[in-house]
Amino acid sequence: MAAMNIERLKPHFPWITLVTLVVIVSLIDPTFLRPSSMLSLAGDIVPLFIMALGITFVIYIGGIDLSAQSMANMVTVLATVWLTSLGAWVAPAVVLMGAILGAFSGYFTTRLFVPSFISTLAVGGVAFSVAKWLSGQKSVSMDAAQRDHLFGWMIGRTFGIPHELFIAAALLLIMVFLERRTILGRTLKAIGAGEPAAVASGINVARYKIAAFALSGALAAMAGLLFSVKLSGGAPSVANGFLLPAIVAVLVGGTPLTGGVGGVVNTMIGALIVAVIRAGMLYLSIQATQQQIVFGLILICAIAFTIDRAKLKTVK
Amino acid sequence: MYEMQKVDKKFPGVHALKTVDFNIKRGEIVGLVGENGAGKSTLMKIIYGAYQPDSGKILLNGNEVNFANPREALASGIGMVFQEQSLIPSLTIMENIFLGYEGQFVHFGMINWKAMATAARVQLAKVKLDLDPATITSKLSFAQRQLVELAKVLTLEERVKGDLVILLDEPTSVLAEEEVELLFKLIRELTTRASFIFVSHRIDEVMTISDRIYVLKDGNVVDVVVKGQSSIEAIQHKMVGRNVDKEYYREHRQKPFDESKVLFELSEVSLPGRVKNASLKLHSGEVLCLVGAEGSGREAIVRALYGMVTPTSGQLSIKGAAMEQASPRAAVERGVGYVPRERKIEGIVSGMNVYENLTLSQLGKYSTRGVLKIAQEKALARDWISKLSIKASSENADCGNLSGGNQQKVVLAKWRSGGSDIMLLDHPTRGLDIGAKEDVYEMIRDMCEAGVGILLVADTFEEAIGLSHTIAVIKDGQIQKQFDTKQGAKPTPFDLLHHMI
């Protein structure tokens with residue numbers, strides 16, 4: 001009986017968790033509830049959220065993308081280096097680059113049968129190395145005037161609302177549409193929930209899987225672009241420490257590693273949970289260097305809690 | 001010897017067992033029949049300790065017992081031979097037999113393999129298997145594995161003092177007819193050592209082997225039949241609660257097919273694996289049934305038609321056009337629909353609702369430039385839910401929660417709504433209860449009337465004979481003989497068997 005209730009409650013856990021955490025943190029420090037602090041908190045989480053959005057699609061089909069952080073690192077360097085020559089075209093260029101590298105991961109996974117955790121790890125290694133090579137292992141900086149002229153709109157505030165939030169909202173809307181209203185979204189759901197049935201329905205499963213990885217790569221690149229604009233430059237290590245919380249955001253949001261359920265709206269809730277946990281750690285004066293310990297532990301708990309054991313025969 | 005008194009078990013929303021009394025005597029074989037959901041598996045799980053009853057008593061030789069888990073039941077001599085084969089394929093026979101009980105062969109931390117092999121031979125002799133205990137299990141046939149499972153359970157004899165109760169869950173589902181005979185002979189001989197509980201969908205088999213049969217319906221024992229005192233029809237009537245149509249396979253609705261319209265043709269097709277030079281034709285309105293043992297090549301032919309296997313030689317053409325590049329996509333585009341054997345894995349996507357499942361094979365048709373027309377999808381689903389009387393709360397119901405029969409209807413509707421007119425049905429009634437089977441037979445006749453051609457791999461000989469217009473018997477990848485099975489001129493199972501082995 002109790003087990004049944006938990007099953008029924010499961011889809012609601014993410015937002016219950018979010019509300020509970022907000023209450024706890026605001027009890028620790030009531031200033032947390034001030035609109036201005038909440039808005040900047042949300043604004044700060046946006047690059048991570050964009051990265052998590054992409055990873056959502058890959059986890060949704062039962063895979064994993066470990067390349068997102070390195071991809072973002074590489075893009076900060078690429079965007080900075082290319083800005084002078086490409087101008088505004090740097091944005092589509094880096095996003096395309098991300099999509100292509102993501103598609104490579106997908107190709108390795110579906111056609112060469114390399115498990116996604118290895119193929120994305122390898123592609124991530126390549127991206128990281130490209131970043132180091134192009135930057136000469138130093139941080140590079142953008143021409144401030146050119147940055148402000150072309151991409152300044154990304155980081156301002158209107159009525160006190162950080163522009164990043166508008167970008168996040170727009171991307172979320174597009175992804176929700178993609179997930180719920182398009183052949184791509186429906187097919188990815190079928191692959192996540194029952195891949196053999198998708199194959200037996202005559203669907204070219206490999207093609208759609210590659211698309212999911214490409215989408216993840218493109219969104220990781222967007223996150224990287226936003227980073228470089230915010231920092232007015234790039235370095236092969238600026239996004240380090242983002243992969244773990246991004247995966248945590250997807251999983252605590254309610255998209256389990258086994259795929260098939262959850263989705264991008266869940267990831268939004270997950271990203272907010274990560275933001276609140278970060279703020280809470282700040283108030284409890286947990287140092288930045290220790291934060292990954294917490295996220296590592298949360299990740300393990302989230303997986304243990306959300307995974308659909310009926311789908312797994314053995315875990316290796 | 002073993003007795004259940006007023007055992008009751010409830011699950012959320014389901015009263016699975018309603019004060020059930022059950023007993024088994026020493027050396028007796030007791031059959032257990034009932035439709036899906038009648039409570040068979042709950043009853044079995046309570047017997048071997050996987051579930052605990054909510055109320056009621058379990059007595060073993062008059063003493064009350066409570067099993068917290070299957071291992072405790074095993075220690076009291078109650079063992080289970082699983083339907084899903086529980087042997088680990090990469091281990092040797094003896095390792096499987098003594099899995100979890102290796103301690104007896106360990107000296108100074110090392111396993112004495114010789115002693116284990118000798119002990120395993122003793123167990124194998126009980127089931128009349130003359131195999132080297134060091135053989136890797138994956139090399140065995142299904143029938144041999146089934147016997148090894150039995151041998152594994154029979155190790156209880158040495159471990160437990162007193163009587164044994166052995167549960168056999170659908171032990172014949174993977175066996176060919178003659179293997180079933182052997183198994184039954186063996187079970188009868190083993191009654192000197194143990195009592196058996198035999199569970200099967202095949203009522204004729206249960207009647208052959210059992211001394212008494214418990215008939216379950218909706219969690220109640222509706223009757224206990226003593227051997228030879230009832231007929232299959234009477235038992236079916238009790239299971240279903242109504243008369244089963246005499247025209248079970250709807251033979252009165254079998255119409256001659258249209259010989260002028262060929263839907264697919266195989267000429268001298270060889271496939272990777274066993275199939276050699278197979279030639280077949282399917283016509284509009286025809287049910288063509290492939291009959292053969294597991295692994296004879298019937299599945300390979302079905303898979304080739306669905307584009308999952310490319311012929312190594314010969315020609316496969318669909319509606320007059322030769323298939324060059326084999327792929328499921330190409331097959332679906334030419335009107336082929338595939339109802340796979342593994343309904344829950346390959347048939348439906350559980351976690352997706354009825355309309356999402358229905359359009360999965362035809363998303364292009366329900367979208368413009370990649371954007372779905374969900375309203376149209378829903379309308380289509382509502383239409384087919386009423387057409388096939390699918391029992392689902394709405395088109396938004398999760399297919400994973402539908403019963404087996406209704407899931408199968410969704411799979412059939414998926415292809416029919418997309419206009420598929422070549423249907424490949426691989427064991428379409430496997431695991432369905434009688435009512436749902438009849439629905440499927442009815443649908444097969446409906447499809448034939450609509451001009452659909454059906455390639456069928458049936459669950460039983462009777463089903464194959466009853467439903468088909470034509471039967472092709474396959475053995476070792478060769479089509480041995482084709483039978484014309486017109487209404488009123490059907491061959492007998494014996495006629496077919498003759499060409500199978």
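Residues are numbered from 1 along each chain as its sequence is written, chains are lettered from A and ligands numbered from 1 in the order in which they are written. Since the model is predicted, local features need pLDDT of at least 70 and side-chain atom pairs count only at pLDDT 80 or more, while totals for chains, interfaces and linings use all residues.

**Chain B as a whole**

Let us start with the overall picture. Chain B has 18 helices and 24 strands; helices (H or I, at least four residues) and strands (E, at least two) are DSSP runs, numbered from the N terminus. Its C-alpha atoms fill a box of roughly 70 × 50 × 50 Å along the principal axes.

Of the 501 residues in chain B, 45% are buried. A residue is buried if 20 or more other C-beta atoms lie within 10 Å of its own, exposed if 12 or fewer, and partly exposed in between, with C-beta atoms placed from the backbone. Among the contacts in chain B with a separation of 6 or more, 68% are between residues 24 or more positions apart; two residues are in contact if their C-beta atoms, placed from the backbone, lie within 7 Å.

Strands of a sheet pair through backbone hydrogen bonds, either parallel or antiparallel. Here, two strands pair if DSSP finds at least two bridges between them.

One open sheet has six strands in the order β6-β9-β10-β3-β11-β12 of chain B, with mixed pairing. Its edges are β6 (78-81) and β12 (220-226) of chain B; each has a single partner strand, so one side of each is left without a neighbour in the sheet. Neighbouring strands of this sheet are turned by 20° against each other on average, direction ignored. Angles run from 0 to 180 degrees between N-to-C directions, and axes are lines fitted to C-alpha atoms, for helices over the stretch in contact. Within the sheet, Ile29(B) has Phe196(B) in β10(B) as its bridge partner. Helix α9 (residues 232-240) of chain B packs on the sheet, touching β3, β11 (212-217) and β12 of chain B, and its direction makes about 30° with that of β11(B).

| Strand | Parallel partner | Bridges |
|---|---|---|
| β3 (residues 29-34) of chain B | β10 (residues 194-199) of chain B | Four bridges |
| β15 (residues 287-291) of chain B | β22 (residues 453-457) of chain B | Three bridges |

Helix α10 (residues 298-305) of chain B is mostly covered, with six of its eight residues buried. Among them are Arg298(B), Ile301(B) and Leu305(B). Gly307(B), which follows α10(B), has a positive phi near 80°.

His427(B) has a phi of about 45° and lies in the loop between β21 and α16 of chain B. With 19 C-beta neighbours inside 10 Å, His427(B) counts as partly exposed. Asp476(B) likewise has a positive phi of about 45°, and lies in the loop between β23 (470-475) and β24 of chain B. Asp476(B) counts as partly exposed with 14 C-beta neighbours inside 10 Å.

**Where the chains meet**

In all, 23 residues of chain B are in contact with 22 residues of chain A. The largest share of the chain B side, four residues, comes from α11(B). By class, the chain B side divides into 14 nonpolar, six polar and three charged residues. Ala, Val, Leu, Ile, Met, Phe, Trp, Tyr, Cys and Pro count as nonpolar, Asp, Glu, Lys and Arg as charged, and the others, Gly among them, as polar.
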